[in-house]
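Here's a quick tour for anyone meeting this protein for the first time. Have a look at the sequence and the fold before reading on.

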Amino acid sequence: MRLSQTGDVWWKSAVFYCADVETFQDSDGDGIGDLRGMTERLEYLADLGVTCLWLMPFYPTAGRDDGYDITDFFGVDPRLGTLGDFVELVRTARSRGIRVIVDFVMNHTSDRHPWFRSARRSVDDPYRRHYVWSPTKPRTSKAEVVFPDQEDSIWELDDKTGEYYLHHFYKTQPDLNVANPAVQEEIARTLGFWLELGVSGFRIDAVPFLFAEDTYPGSEPGGFDPQRYLKDVRDFVTRRLGDAALLGEVNLPYPQQKEFFGGADGDGLNMQFDFNGMQRLYLSLARGDAGPLTSALRERPPLDVTSQWANFVRNHDELTLDKLSIAERKEVFAAFGPDPGMQLYGRGLRRRLPTMLGGDQRRIRLVYSLMFSLPGTPTLFYGEEIGLGENLDVEGRLAVRTPMQWDAGANGGFSTAPRRRLTRPQPAGLWGPEHVNAADQRQDPGSLWSFVRTLIRRYRQMPQIGWSDVEVLDHDVPAVLAHVCRCEDWRLLAIHNLGADDALVTLDLGTVPEGTVLRDVLDGRDDQPLDPSGRVEVRVDGYRGQWLRVLTPGELAYA
């Protein structure tokens with residue numbers, strides 16, 4: 001199928017950038033980032049090459065889970081601005097070629113949300129069925145508890161009514177009863193509201209928990225089809241905005257992830273994060289062996305033409321390793337987070353990539369080169385482009401959500417407030433703003449920022465990467481991953497050496513026309529002729545990556 005025949009599926013070749021309004025830019029000197037500050041920094045994102053800004057929650061909140069405990073789905077946290085500020089942000093972003101999607105927490109509310117406050121007044125309250133209740137406390141397995149350091153059950157007693165309510169996350173975040181048509185109607189109203197304000201879609205939080213089938217005394221099994229409902233949500237947003245995108249947080253094995261994309265026509269989520277590939281990437285890095293990531297890429301299920309994987313190195317939560325075996329997880333911990341204070345819940349790391357790799361620029365750049373070369377849509381977490389570090393003195397997952405470092409001045413240019421008033425303390429020492437900041441790196445053609453900007457430009461110049469199927473090539477060098485992105489007759493060969501030693505790799509690309517060459521599109525080296533048999537030897541330095549276009553004589557005339 002030709003790209004021109006698929007309609008406007010912009011997410012297939014976009015570059016996503018996740019930012020937290022509270023920690024990005026403070027415009028009024030109160031120590032807290034805000035929407036106006038975000039708007040002021042849109043020029044920076046446009047220069048970097050970002051085409052879609054994903055905003056973490058900015059709604060009114062009880063402040064118990066960094067904005068994910070929402071008290072009003074139709075508002076803006078007054079610390080961060082107003083609805084007018086939000087509309088101005090979206091309008092300004094669009095004028096710079098940047099779409100905006102927003103976090104939508106469909107799974108739960110804050111316990112201070114008006115619905116829940118009403119629901120706990122009595123068992124007969126009209127909002128009672130907006131949530132999930134049980135007259136007795138159901139059993140909870142350890143695997144069901146998301147935050148084992150804070151909770152020991154997913155059921156909490158409500159003293160006033162004497163019944164237990166379901167909460168897959170903190171007890172202050174009661175789960176919504178999504179099977180209830182009244183809740184579904186509220187969800188539709190909320191989605192429609194933000195679409196009217198100009199957003200291009202939603203990142204749907206905690207999708208598997210949204211549709212978890214929890215049995216408890218008095219529950220009614222069956223009758224609610226999660227996949228059918230997800231299709232209804234997709235149909236609704238598409239009717240309201242023909243090119244709206246739904247990006248789902250679905251941390252499940254590949255076969256179960258495939259179900260959330262929908263049927264053969266892709267009538268579920270448009271996009272999902274590739275958690276399985278991400279976790280095995282870190283295992284490959286720890287071992288210096290491409291094998292685990294190779295296996296993940298070969299296990300990726302094929303998708304319909306409108307669906308897409310979101311590739312990422314880091315997100316805003318702990319770096320979860322829950323899909324690795326216990327032994328594999330220990331390998332990654334030993335390599336990148338040996339101190340227990342660097343770990344979280346026994347399943348993840350609360351560190352950013354540069355600190356995990358000891359600041360080794362070769363390995364850091366290798367990882368981003370690999371991420372951008374994989375078929376799918378690259379997704380950056382704010383600060384990755386400058387090598388932002390974490391602050392382990394900050395509690396839990398918030399260690400990686402420190403204020404952005406814009407320059408070497410006070411508070412890294414994030415805020416003019418006294419340091420003690422910052423929403424969160426920044427890293428210090430080698431990872432402080434005086435050493436890691438955007439202003440210095442934007443002036444340095446050899447910086448990480450400049451390298452990431454180049455990757456983004458090459459990715460956008462070759463949108464076929466986002467539309468490609470992936471073929472992992474066999475060879476005899478364990479440290480090297482070699483894969484081919486294919487889109488119709490277009491091909492890109494990407495080779496990444498996860499080991500420290502230089503390697504000579506023999507690859508078979510299949511029969512090619514006489515005169516076909518490999519053209520380096522990152523480093524600009526001379527073209528390398530290909531034998532008509534398609535066999536070629538490529539030398540790749542330790543901790544380096546190469547992007548090589550496969551150009552036939554016909555393509556060379558236009559390249």
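## The cores

Keep in mind that this is a predicted model. Its largest nonpolar core takes in 136 residues. Tyr17, Leu53, Phe58, Phe86, Phe202 and Tyr282 have the most contacts inside that core. Helix H14 (residues 361-373) supplies the largest share of this core, with 7 residues.

Zoom in on Tyr282 and you'll find it touching Val313, Leu319, Val332, Phe336, Leu353 and Met356, leaving aside residues up to four places away in sequence. Another core, of 19 residues, lies apart from the largest one, and includes Val480, Leu509, Leu518 and Leu548.

## A sheet and its helices

Next comes an open sheet of 6 strands, paired antiparallel in the order E15-E16-E17-E22-E19-E20. Strands E15 (469-472) and E20 (528-529) sit at the edges, each pairing on one side only. Inside the sheet, E17 (residues 490-497) and E22 (residues 545-551) run antiparallel and are joined by 5 bridges. Here His496 stands opposite Gly545 in E22.

Helix H11 (residues 291-299) packs on this sheet, touching E15 and E16, and its direction makes about 140 degrees with that of E15. H14 turns up again too: it lies across E16, E17 and E22, at about 155 degrees to E17.

## The cysteines

How many disulfides does a search of the whole structure find? The count is 0. Take Cys485: its closest cysteine sulfur, in Cys487, is 9.7 Å away, so the two are too far apart for a bond. Both are buried, Cys485 with a relative accessible area of 0% and Cys487 with 7%.

Notes
Residues numbered from 1 in each chain as written. Predicted model: local features only at pLDDT ≥ 70, side-chain atom pairs only at ≥ 80, totals over all residues. Heavy atoms only, no water. Core = buried A, V, L, I, M, F, W, Y, C linked by side-chain atoms within 4.5 Å. Buried < 20%, exposed > 50% of the residue type's maximum accessible area, 1.4 Å probe, protein only. Helix = DSSP H or I, 4+ residues; strand = E, 2+ residues; numbered from the N terminus. Contact = heavy atoms within 4.5 Å. Disulfide = S-S within 2.5 Å. Pairing = 2+ DSSP bridges. Axes fitted to C-alpha atoms, helices over the stretch in contact; angles between N-to-C directions.
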